[in-house]
Amino acid sequence: MRSPLERCGTVVARGEDTELVRWDQIVPEAPGDVRIALRELVVAGVRSAVVAPERELKRWFSWQWYWDDAILDDERLDRADGFVAIR
């Protein structure tokens, strides 16, 4: 039961412990709209990757049913030649 809950972001494991917490308990200021939260994760992921192939971004996250290509229409992201980078 734990794995599917972690994959969809419902619960998060703390470190190497077996303690599980809800995402909203760790980040109470997180946006209530899942698509906004996913956009923030995409921006953070691209920032850490420096440059990412646009077609790969959707596969970075388990909750692909929330994916919308408009997620990449963010002023913090640059898109060119099939790649995405932080401005």
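Predicted model: local features only at pLDDT ≥ 70, side-chain atom pairs only at ≥ 80, totals over all residues.

The protein chain has four helices and five strands. Along the sequence, these elements follow the pattern α-β-β-α-α-β-α-β-β. Of the 87 residues, 22% count as buried. The accessible surface of the protein chain amounts to about 6,100 Å², and 51% of that surface belongs to carbon and sulfur atoms. As for the contacts with a separation of 6 or more, residues 24 or more positions apart account for 46% of them.

Let me turn to the sheet. In what order do the three strands of the open sheet stand? The order is β3-β5-β4, and the pairing is antiparallel. Strands β3 and β4, the latter covering residues 77–80, stand at the edges with a single partner strand each, so one side of each is left without a neighbour in the sheet. From one strand to the next, the twist averages 25°. The pairing of β4 with strand β5, residues 83–86, is antiparallel and runs over four bridges. Within that pairing, Ala80 has Phe83 of β5 as its bridge partner. Helix α3, residues 34–49, packs on this sheet and touches β3, β4 and β5. The direction of helix α3 makes about 90° with that of β5.

The hairpin of β4 and β5 deserves a word of its own. There are two residues between its strands, and Asp81 takes a positive phi near 50° in this hairpin.

I come now to the charged side chains. As a general point, side chains of opposite charge can pair when their charged atoms come close. How many salt bridges does the count give here? The count comes to eight.

Consider the pair of Glu54 and Arg79, whose side chains meet in a salt bridge at 2.6 Å from N to O. This pair links distant parts of the chain, with Glu54 in helix α4, residues 54–57, and Arg79 in strand β4, 25 residues apart. Glu54 is partly exposed at a relative accessible area of 24%, and Arg79 is partly exposed as well, at 38%.

A further salt bridge joins the side chains of Glu56 and Arg59, at 3.8 Å from N to O. Is Arg59 buried or exposed? Arg59 counts as exposed because its relative accessibility is 54% and the cut-off for that class is over 50%. Glu56, at 25%, counts as partly exposed.

Asp78 forms a salt bridge with Arg87, and the closest N and O atoms of this pair are 2.8 Å apart. Asp78 counts as partly exposed at 35% relative accessibility, whereas Arg87 is exposed at 63%.

There is also a network of salt bridges, which links Arg39, Glu40, Asp74 and Arg76. Of these residues, I would draw attention to Asp74, in the loop between α4 and β4. Asp74 is buried, with a relative accessible area of 5%. Apart from its neighbours within four places in sequence, Asp74 is in contact with Arg39 and Val43.

Next, the interior. Leu57 has its place in helix α4. At 0% relative accessibility, Leu57 counts as buried. Which residues does Leu57 touch, if those up to four places away in sequence are not counted? They are Val42, Val46, Ala52, Trp67, Leu72 and Val84. One of these, Val42, is 15 residues from Leu57 along the chain, and the C-alpha atoms of the two are separated by 7.4 Å.

Finally, the surface. Val50, Val51 and Phe83 make a nonpolar surface patch of about 270 Å². Val51 is found in strand β3, residues 51–53. Val51 is partly exposed, with a relative accessible area of 44%.

Thank you for your attention.

Conventions. Residues numbered from 1 in each chain as written. Heavy atoms only, no water. Patch = residues over 30% accessible without salt bridge, like charges linked within 9 Å, V, L, I, M, F, W, Y side chains within 5 Å. Areas by Shrake-Rupley, 256 points an atom, 1.4 Å probe, with all protein chains shown as cover. Salt bridge = Lys/Arg side-chain N within 4 Å of Asp/Glu carboxyl O. Buried < 20%, exposed > 50% of the residue type's maximum accessible area, 1.4 Å probe, protein only. Pairing = 2+ DSSP bridges. Axes fitted to C-alpha atoms, helices over the stretch in contact; angles between N-to-C directions. Contact = heavy atoms within 4.5 Å.
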